[in-house]
Amino acid sequence: MIAMTAYVDQLAEWFRKHGDKTKAIPMENYMRNQYPFLGIKSPERTALTKTFWAEHGIPAGEELLDVVRQLWLLPEREFQNVGMAYLEKYAKKAKPADIDAFEELVTTKSWWDTVDYLASHTMGDHLTKYPELIPEYTERWIRSDNMWLRRTAILYQLRYKQRTDVERLFEYLLLCKDENEFFIRKAIGWALREYAKTDAEAVRRFVAGNRLSPLSEREALKGIGKS
């Protein structure tokens, strides 16, 4: 049972006091009206979060993850973004089984602003800490009907640099390269562009040897060119 309802209620009240509908409208438009906003931009959101932490503290252990789950249930998008700040605090304490909770966050209220953080930070860090989870989870994600899980499988190694499992990365990109979905094509290019900072020649060879979408290829070769 979720135990931190009173704490989250206080947090929600604190943020709603600082909402600004005139700012919310363009923020909602930018996110294609997927979710309502309070109208609190990132710098102010960060400041409000730190002020709340200073007064109310940060829960520990399972209660911290409970807070994240409850923030995910609130309608305004700022609360999911605040939830990711709590997740960052939870990362070092996370247990292997928490990957199921992280996966639920990926597939709930999904859009690029949450999924990209969850993939490249939350999942990426968790799978670094518990690499034995990689085969079971990432193999299932890349073949999932859920596009956001496929994107997660592509992006979880985004910050791995020299630690990248290149064989797995390229295999996953090939599995998705013919998809028409914009967010998958963009993720393919992004993953390749990041890995190019470690091994540009490997990325050039991959792009030259495989027919990618124009979007994926363009994103992959940004900064390195074809030769």
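Is phenylalanine 170 buried or exposed, and what is its relative accessible area? In this predicted model, phenylalanine 170 has a relative accessible area of 17% and is therefore buried, the cut-off being under 20%. The residue belongs to helix H10, which covers residues 166-176. Beyond the residues up to four places away in sequence, phenylalanine 170 touches Leu192, Ala202 and Phe206. Isoleucine 188 lies 18 residues from phenylalanine 170 along the chain, and the C-alpha atoms of the two are separated by 9.5 Å.

Glutamate 219 is a charged residue placed in helix H13, residues 214-220. Its relative accessible area is 5%, so glutamate 219 is also classed as buried. A polar contact of 3.2 Å links the side chain of glutamate 219 to the side chain of lysine 222. When residues up to four places away in sequence are not counted, glutamate 219 touches Lys186, Gly189, Trp190 and Arg193.

Threonine 122 is part of helix H7, which runs over residues 112-129. With a relative accessibility of 10%, threonine 122 falls under the 20% limit and so counts as buried. Its contacts, leaving aside neighbours within four places in sequence, are with Leu87, Phe102 and Tyr117.

The largest pocket holds about 470 Å³ of space. Its lining consists of 22 residues, and those nearest the pocket centre are Lys41, Ser42, Arg45, Asn81 and Met84. Two or more lining residues come from each of helix H2 (21-30), helix H3 (42-56), helix H5 (77-90) and H7. By class, the lining of the largest pocket comprises 12 nonpolar, four polar and six charged residues.

For the second largest pocket, the volume is about 190 Å³. This pocket is lined by 13 residues, of which Leu87, Ala91, His121, Thr122 and Asp125 are the closest to its centre. The most is given by H7, with six residues. The lining of the second largest pocket divides into six nonpolar, three polar and four charged residues. H5 and H7 are also listed among the elements that give two or more residues to the lining of the largest pocket.

How values were computed
Residues numbered from 1 in each chain as written. Predicted model: local features only at pLDDT ≥ 70, side-chain atom pairs only at ≥ 80, totals over all residues. Heavy atoms only, no water. Helix = DSSP H or I, 4+ residues; strand = E, 2+ residues; numbered from the N terminus. Buried < 20%, exposed > 50% of the residue type's maximum accessible area, 1.4 Å probe, protein only. Contact = heavy atoms within 4.5 Å. Polar contact = N/O pair within 3.5 Å; in protein donor to acceptor, adjacent residues only side chain to side chain. 1 Å grid on protein atoms, 1.4 Å probe; cavity = no way out; pocket = protein on both sides within 12 Å on 5 of 7 lines; lining within 4 Å. Points joined across faces, edges and corners; volume = space filled by probe spheres on them.
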